[in-house]
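Let's take a walk through a protein chain together. Have a look at the picture first, and then we'll go through it piece by piece.

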Amino acid sequence: MDDEKFEYTVLVNHEEQYSLWPTFKDIPNGWSQVGPVGKKAECLAWVEEVWTDITPLSVRKRLEESKAARLAKAN
């Protein structure tokens with residue numbers, strides 16, 4: 001759906017993953033609107049600015065827990 005006549009919104013899920021979604025469709029379960037509503041290029045630019053780490057939230061948490069456990073073990 002690259003047609004510039006469509007308007008999009010930016011969504012995010014519980015894993016802090018982003019998606020563009022056409023505004024004429026209902027927002028799917030598990031997703032929330034977080035960014036701008038507008039042309040595809042505008043929404044993509046916003047996502048590129050804010051989504052700096054594409055690692056899912058659950059993986060980032062496990063990595064942080066693992067790091068903390070290693071640090072505690074070393075002390």
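**Starting at Glu4**

Glu4 counts as partly exposed because its relative accessibility is 43%, and partly exposed is the band between buried (under 20% relative accessible area) and exposed (over 50%), worked out with a 1.4 Å probe and protein chains only. You'll find Glu4 in the segment before β1. Apart from neighbours within four places in sequence, Glu4 is in contact with Lys39 and Lys40, where contact means heavy atoms within 4.5 Å.

A quick word on what you're looking at. This is a predicted model, in which local features need pLDDT of at least 70 and side-chain atom pairs count only at pLDDT 80 or more, while totals for chains, interfaces and linings use all residues. Residues are numbered from 1 along each chain as its sequence is written, and side-chain values use heavy atoms, with hydrogens and water left out.

Now for the overall layout. The chain has 2 helices and 3 strands, in the order β-β-β-α-α along the sequence. Both kinds of element are DSSP runs numbered from the N terminus: helices are H or I with at least four residues, and strands are E with at least two.

Next, follow strand β1 to Val12. Val12 is buried because its relative accessible area is 13%. Not counting residues up to four places away in sequence, Val12 touches Gln17, Tyr18, Gly30, Trp31, Ser32 and Val34. Pro56 is 44 residues from Val12 in sequence, and their C-alpha atoms are 11 Å apart in space.

What makes up the largest nonpolar core? The 5 residues are Tyr8, Val10, Leu20, Cys43 and Val47. A nonpolar core here is a set of buried Ala, Val, Leu, Ile, Met, Phe, Trp, Tyr and Cys residues joined through side-chain atoms within 4.5 Å. In soluble globular proteins, nonpolar side chains tend to be buried together. Leaving out residues up to four places away in sequence, Val10 touches a whole list of residues, including Leu20, Cys43, Trp46 and Val47.

Finally, step back to the whole chain. Buried residues make up 20% of its 75 residues. Along its principal axes, the C-alpha trace spans about 60 × 25 × 15 Å.
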